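Please look through the structure shown here, and then read the short report that follows.

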Amino acid sequence: MGDEVDQPRKIKLVRDLPDKLFRGVASAGGVTVLLIMLLVGTFLALKAAPALHQAGFSFFTTQAWNPDGRHFGVAALLVGTVLIALVAVTIAVPLSTATALYITEYAPGRMKTILIGVIDLMAAIPSVVYGLWGFFFLQSRLAPVAAWIAQHFGWIPIFKVKGVDGHQPISSLTLFTSSTLIAGLVVGMMITPVITSIMREVFSQVPVGEREAALGLGGTKAGVIRTVVLPFGKGGMIGGTMLGLGRALGETIAVYMIISPVFTIQPHILQSGAISVSSLIALQFAESNSFGLSALMAAGLTLFLITLLINFAASSVVARSRSGASS
Amino acid sequence: MSTIPQQPEAKQRSDVGQPTTYLPQADPDIVTVPQVRRMTGGVRIGDALSLVGAILAALALATIVSSQIAPIRGFLAFFLVTYALFLVIYALLVWLDEPPSVVADRVVAVLVQSGAFVLVLALTSVLTYTVIRGRSAVVHSNLLTRDMTTTGPLDPLTSGGVSHAIVGTLIQISIALAITIPLGITAALFLTEVPGPFARFTRTIVEAMTALPSIVAGLFILSSFILVLGFDKSGLAAGLAITVMMLPIMIRAADVVFRLVPSTLKEASLALGAGQFRTVLNVVLPTARGGLTTAIILATARGIGETSPVLLTAGYTASLNRNPLTGPMVSLPLAVFEFVKSPEPTMVARGFGTAVVLMLLVLILFVSARIIGSQDVAKRARRRQQRKAVRGVVAGLVSRFRPATADVATSSPTSTRSSDA
């Protein structure tokens with residue numbers, strides 16, 4: 001008896017025909033999806049090649065968009081896109097953090113469910129509706145605020161508006177419509193629900209034990225938020241913000257409806273005139289010849305690569321954080 | 001003996017032999033006040049007063065600032081200044097009679113609550129403003145039944161409509177769903193059921209593609225389907241563009257749902273001798289059904305609202321086109337976009353009306369997703385049992401009141417048995 005030692009048995013996995021078929025079909029589905037996703041990049045690159053070949057490196061430094069005159073580049077477009085996205089994120093992140101904290105920390109039970117529903121619904125509202133709101137509702141109400149900021153804080157470079165002097169009364173509010181600020185605000189409203197729902201998810205995973213430990217040590221609610229909730233949710237907050245940034249960079253219709261396009265770098269966010277890559281594509285694709293389309297494809301490819309990069313970074317940040325990648 | 005020194009009487013009587021319990025007697029000299037449960041929450045009058053005082057002071061100060069020091073135009077600017085002043089004054093008031101940690105707590109509470117309030121206010125204004133502006137167009141039923149073939153920009157709202165856009169939206173989203181649902185679910189099953197480095201790679205790519213700018217999806221279809229393969233701009237092309245945009249969203253949501261299926265259920269099925277395919281078919285898919293439906297509906301809502309891929313691939317038409325293979329086909333968001341580009345107020349009103357129709361469509365989808373998503377397996381089973389019980393009772397009643405047949409004597413035991421079933 002004693003010398004018979006149990007040997008671990010070799011397990012041989014035998015799959016029957018339906019299982020093999022299932023795994024085959026599922027893998028084929030996975031491969032198809034992967035192929036489609038790779039095709040997106042490939043086709044764009046293929047179609048963008050003539051324009052990129054023509055323009056060379058000046059594609060990234062030229063501040064103009066005149067493909068027929070062979071003079072075009074994404075320098076102004078990229079700056080404009082990033083500025084709009086930055087304004088959007090600057091507005092969306094504090095709002096989302098406050099709302100997510102309100103939902104997880106402050107709201108009474110019923111309010112919580114209602115708010116979660118409202119936020120999720122807002123994430124599903126079409127962007128064209130936000131565009132309508134921004135153009136017809138927000139613009140006329142925000143222009144006086146922009147004028148006030150320009151008049152009193154014009155000495156800060158990004159708030160400077162040409163033709164506005166701190167001592168002169170402002171002649172017309174049209175200087176302040178169709179600006180980067182308004183476009184960014186509308187995009188910010190669009191990405192806020194997305195960021196909020198990610199943050200809420202993360203904040204609700206904070207271990208109750210740690211929360212109660214902080215309260216038991218005499219911490220106030222603000223203390224609990226500062227020392228427990230925010231450190232725990234940091235990864236999710238950064239990840240959610242970057243996902244929102246990715247959405248903001250790619251937003252087309254709402255931006256298109258609001259801005260009046262300019263093709264030089266426009267760093268003054270209050271001043272009328274702004275541009276983004278995606279709105280340029282929507283603006284110009286109809287009247288472009290094949291070379292113009294190729295140039296637009298090149299711009300689209302640039303945008304695509306940037307959002308891809310930001311999204312990769314976002315998902316790796318979320319996955320490495322303590323709250324994990326469960327959402 | 002020494003264990004109960006406080007009760008000498010008990011020691012004296014211990015020789016009786018019977019173990020007895022003595023209850024301590026209440027001392028009549030001590031007057032006991034009934035304990036009142038203390039309120040740990042609630043509002044102290046001082047806190048409420050400092051809040052109200054801060055609001056009043058901020059309003060007054062903002063009026064002075066805006067009228068005397070730095071003139072402000074518009075309500076929004078006035079509100080912002082008031083808010084900033086309110087924060088400072090409130091912090092100051094609390095600081096007068098509370099320690100700094102409480103000051104921080106109050107300020108954070110105000111910031112968080114007002115942030116949430118502003119967001120809800122802004123989002124509500126998006127909805128209400130659209131509905132208010134679209135009201136004049138929505139009340140005319142021809143918005144839903146006519147197309148724009150014979151309607152010019154100057155025609156009143158009683159002529160023309162967006163039936164062509166509604167049909168177009170439905171056709172395009174059907175094409176997208178016909179591809180997205182089977183392919184998306186298969187791919188999500190691949191990610192969870194056939195794990196390995198390749199599945200991990202695919203998952204990374206899919207997750208990165210969820211932020212694919214929708215205009216890039218349109219550009220892709222424009223460059224491949226229309227320019228390289230030589231098809232026209234059509235409903236099919238728009239459907240494909242929406243597919244490319246929806247597919248990563250769908251896969252990611254389905255992947256999360258599949259990962260939430262308890263592994264114990266799957267292991268139980270495998271332990272009973274079922275193969276992987278049987279397990280997926282009989283355990284994974286039924287368990288995930290509610291979540292999958294929610295994922296599909298939410299992806300549909302996203303797909304319906306997308307304008308930019310359709311703008312690049314569908315073309316624009318004012319007439320009804322039921323054929324997705326040839327000719328341009330307009331969708332609801334695209335129609336909104338084209339209407340409001342017009343300078344005519346009636347066209348803009350029509351655009352808002354179309355936006356209301358679009359939002360209603362999204363709302364219906366969203367609410368149905370909520371209802372389906374809130375039903376888990378347990379709830380479904382309970383309802384099935386309730387239905388069964390009701391059916392049993394009904395069957396019992398029916399058999400009881402059935403007109404007397406040959407075996408009247410046995411009818412009543414039968415009915416009790418059927419109602420038990």
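## A residue in a loop

In this predicted model, Gln271(A) is found in the loop that runs between helix 8 (253-258) and helix 9 (277-284) of chain A, where helices are DSSP runs of H or I with at least four residues, numbered from the N terminus. Gln271(A) counts as buried because its relative accessibility is 11%; buried means under 20% relative accessible area, exposed over 50% and partly exposed in between, with a 1.4 Å probe and protein chains only.

Leaving aside residues up to four places away in sequence, Gln271(A) touches Lys160(A), Val161(A), Lys162(A), Leu175(A), Ser179(A), Thr180(A) and Gln266(A), a contact being heavy atoms within 4.5 Å.

## Basis of the values

Residues are numbered from 1 along each chain as its sequence is written, and chains are lettered from A and ligands numbered from 1 in the order in which they are written. Local features need pLDDT of at least 70 and side-chain atom pairs count only at pLDDT 80 or more, while totals for chains, interfaces and linings use all residues, and side-chain values use heavy atoms, with hydrogens and water left out.

## Aromatic rings

Over all chains, the whole structure holds 16 aromatic pairs, which are rings of Phe, Tyr and Trp (its six-membered ring) with centres within 6.5 Å, called stacked if the planes are under 30 degrees apart, edge-to-face if over 60 and tilted for the rest. Among them, Phe135(A) and Phe136(A) are edge-to-face, at 4.9 Å centre to centre and 90 degrees between the planes. In chain B, the ring centres of Tyr129(B) and Phe352(B) are 5.8 Å apart and the planes stand at 85 degrees, so this pair is edge-to-face. It joins distant parts of the chain, since Tyr129(B) belongs to helix 4 (residues 100-138) and Phe352(B) to helix 15 (residues 345-373), 223 residues apart, and both residues are buried.

One aromatic cluster is formed by Phe57(A), Phe59(A), Phe60(A), Trp65(A), Phe72(A) and Phe291(A). Arg70(A) lies over the face of Phe291(A), at 3.8 Å from the ring centre; for this, NZ of Lys or CZ of Arg must be within 6 Å of the ring centre and within 35 degrees of the ring normal.

## Where the chains meet

In chain A, 84 residues are in contact with 91 residues of chain B. The area buried between the two chains is about 7600 Å², with 81% given by carbon and sulfur atoms; buried area is the accessible area (1.4 Å probe) that two parts lose on being put together, summed over both.

How values were computed
Helices (H or I, at least four residues) and strands (E, at least two) are DSSP runs, numbered from the N terminus.
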